[in-house]
Amino acid sequence: MSFQSVRFYQTGTYTVGNRLLDEAQRTVQATVARANSLTSGHRACQGCGEALGARYAMDAAMHATERQMVVVNATGCLEVFSTPYPETSWQVPWMHSLFGNAPAVATGVAAALRVKGRRNVRVVAQGGDGGTTDIGFGCLSGMFERNDDVLYICYDNEAYMNTGVQRSSATPAAAHTATTPAMGTAPGNEFGQGKFLPEIAMAHRIPYVATASVADLRDLEAKVEEAIHLRGARYIHVLVPCPLGWGAASHDTIRLARLATESGLFPIFEARNGEVSDARTIRHRVPVDEFLRLQKRFVHLFEPKLDTARIAQIQAHADRNIKRYALLP
Amino acid sequence: MDKPFAITLDPGSSLANHTGSWRTTRPTYVDHLPPCNQGCPTGENIQAWLYHAESGQYEAAWRALVRDNPMPAVTGRVCYHPCESACNRARLDSAVSIHAVERFLGDEAIAKGWQFEARRAPSGKRVLVVGAGPSGLAAAYHLARLGHQVEIREAGPMAGGMMRFGIPKYRLPREVLDAEIHRIEQLGVTLKLNTKVDHLLKARDEGRFDAAFVAVGAHVSKRAWLPAGEAARIMDALSVLRSVELGEKPLLGRRVLVYGGGNTAIDVARTARRLGAEEAVIIYRRTRDRMPAHDSEVQEALDEGVMFRWLSTIKMGADAGSREQFTIEKMMLDDTGFPQPTGEFEQIEADSLVLALGQDVDLTLLDDVPGLQLKDGVVGVGPNMMTACPGIFAGGDMVPAERTVTVALGHGKKAARHIDAWLRGEVPAVADKHPVAQFEHLNTWYYTDAPRSVQPELERVRRESTFDEVVSGLNADTALFEARRCLSCGNCFECDNCYGVCPDNAVIKLGPGKRFRINLDYCKGCGLCAAECPCGAINMVPEAI
């Protein structure tokens, strides 16, 4: 665990703040001095998980670097909703080039800073799952294998959302998208396809790989802080539910992230130099259907009749994660 | 034209884009009524005093508590805590042990010598309180804090009423009771003992009192018909408890029967054990689940070896039995749950029989008060605790209500508030009650799993031979832990969740103790703040469109 969890203080370290804890034990998000890296007025949908995850991560990085950092942004929702020319919501030094080249641009920024002797200025790159797992994957793998001094953060909402919800290589099995319709004998996204990028990043044996979600702020902040102080290539993969693309209520964003981790569908762990070093254990385990039922993209699993076979396949995937990452206390 | 190539506009912040126009529902901070507060007969704001106790501010917690109840060390011991029956945490693991924290605060106040403060300047009005039981003491306390001059007249030799003469000291040590009564006297209340009021209006007029509050309690034991010559070995429960309190040792013998199923029956049976009775048997005509006595006391009595004979009555009358024999008739419950005689009898040997059949009120002091509404031996009062006679208020066991210490303390508080308004010629401002904080509105995921603290109990051998207090209090560590189990249902406790989870940065944090505000320029109405609020203190209200 990246942070010491505190118990028996009413809500312990589960809530954003807690008046009963020392200031030092509260989150960056609990402070009025937080950077608000992604400020108000952005055009993200109501209840956007990515906007929330990006502010959590960037505020933590701004805090940890004492605001000495440069952010490179891939194309995607995050760029489109935050920066329609000539307006921006970013309150960080921020640049955007193309959809697929954010890791390469970040590598260049890091090289330039090294040449200029600005060792204290850190480089962070960020993008959605499309820009990271599909379009920018070649550049990202190159950045990893060269061990360039960049922290790359992927906000995974499991499809291309701003272009109208098309499947990406991070889309889960059975999910309905514009390109994987819920029709025919195998409705929704195919089973047995897609990739889990954190494990691919681990295969590069880079210094630090971690997963996190918007449902556990303290864990996310601790991982960003841990990663930002390391040198070399680092990767954090954050699960950010999308009310639009997942077909969920805007107030359920955090609940969905919580159910994804508590069911084992999305494992929360850390890996150093290619080896899993820690995992966040499940607190109140739930079956996967509690997560699936809240989303219209999985409605064909429940209506018109319960598709027990596919739900069992998804449950088996969660069970495998629980075993592989030792997620039970 | 000093802009770079292809750039024609100055960069601007998205703050110019007021996304609040997207909103169809608006988050609104609310305070709901926690179920504990709703359940408290004295109207304590339990959630509010636990809030102070959570941060270790025990004096602030005690002061918030005594705004409603001046005797927390007493109620922390003897109250049957309806607050805990209502506690939402019971549906999560187990209810917060509110009484234990209350008792800790009460004991802490006694140990540290915290005193009450008057809330208002002297009014120049004089109020007569008849009876120094919980109701009279509470009324005197609240009236004194409101600036009135109060005189309590008590017929008995000591103050406390049923707290002293009805509740044995193994449940309520007398030094605790004395300390809390003394603190009320310190507020400037005059307490006259051994001063029986025989005619209320006469006493009021002679003493030039502006109002009177009567709370003489119910001290007259109900008696069944007894055969002549049996009086020596048939006693009533209150006399037994009273003589123990006055230092006498009633001669109960080796085997004692107690007839009745209320808390007094339990108290007298447990007292009999402590006085040396080898067997104390409670005879009750129904079953355990229908017993009016509180279950925790039944359990403690069982632990101490008190025996129970369910579905049994004592046969009264001339043929009640020969010496050292009593006749018991077996009963059975009919379809409505009412016990019916079976005609099956049994002889039981015993040295004495104690009747605990309830008490009546001695209303003779009200004979000179015109127009009173008397029903079932108690005095009718309005919602403001005033009798049909203007300026004469009544409370406690002598009015129709549940007969417990806490209900009596609540009557005293309520009556005081209305006496104050009546004396000032005002209608008391009664705030609308907030809706109750339902369990379904909580997001319990955020609360730490924490089982209830257990209060240590005295070992059995000492419970059978001494009047030492049976149940111990919590220490500072466990009391703090227990306070922190509070879910703060329906009331913001500043966990910062709303401030953190807003994707639009539209929650403004106002600083410690000042809570939060929504920035409606940017709030899109997604509802995440309300969904992730642990205690359900945010409502989503539809916008008028």
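Which residue of β19(B) does B:Phe213 stand opposite? B:Phe213 stands opposite B:Phe393. We come back to that strand below.

This is a predicted model, in which local features need pLDDT of at least 70, side-chain atom pairs count only at pLDDT 80 or more, and totals for chains, interfaces and linings use all residues. Residues are numbered from 1 along each chain as its sequence is written, chains are lettered from A and ligands numbered from 1 in the order in which they are written, and side-chain values use heavy atoms, with hydrogens and water left out.

**Where the chains meet**

Chain B puts 49 residues in contact with 47 residues of chain A. Contact means heavy atoms within 4.5 Å. The two chains bury about 4,400 Å² between them, and 49% of that is on carbon and sulfur atoms. Buried area is the accessible area (1.4 Å probe) lost when two parts are put together, summed over both.

The interface of chain B and chain A has 3 salt bridges. A salt bridge needs a side-chain nitrogen of Lys or Arg within 4 Å of a carboxyl oxygen of Asp or Glu. B:Glu532 and A:Arg258 form a salt bridge through their side chains, at 3.0 Å from N to O.

Four elements of chain B give two or more residues each to the side that touches chain A: β1 (12–13), α2 (46–54), α17 (497–501) and α18 (528–531). Helices (H or I, at least four residues) and strands (E, at least two) are DSSP runs, numbered from the N terminus. The largest share, 4 residues, comes from α17(B).

β1(B) also pairs with a strand of the other chain. Its partner is β2 (residues 87–88) of chain A, in the parallel sense, over 2 bridges. Two strands pair if DSSP finds at least two bridges between them. A:Glu87 has B:Gly12 as its bridge partner.

**A covered helix**

α2(B) is mostly covered, with 7 of its 9 residues buried. Buried means under 20% relative accessible area, exposed over 50%, partly exposed in between (1.4 Å probe, protein chains only). Among the buried residues are B:Trp49, B:Leu50 and B:Tyr51. Their cover includes α1 (35–39) and α16 (476–483) of chain B. Just after the helix, B:Gly56 takes a positive phi of about 80 degrees.

B:Cys36 is found in helix α1 of chain B. Is B:Cys36 buried or exposed? B:Cys36 is buried, because its relative accessible area is 10%. B:Cys36 touches B:Ile46, B:Gln47, B:Cys83, B:Ala86 and B:Ile98, leaving aside residues up to four places away in sequence.

**Strands side by side**

Now back to β6 (residues 211–214) of chain B. B:Ala211 and B:Phe213 point one way, B:Ala212 and B:Val214 the other way, and all are buried.

| Strand | Partner | Bridges |
|---|---|---|
| β3(B), residues 126–130 | β6(B) | 4 bridges |
| β6(B) | β19(B), residues 392–394 | 3 bridges |
| β3(B) | β4(B) | 5 bridges |

B:Val127 links two of these pairings. B:Val127 stands opposite B:Ala211 in β6(B), and its bridge partner in β4(B) is B:Val150. Strand β4 (residues 149–153) of chain B is mostly covered: 4 of its 5 residues are buried.
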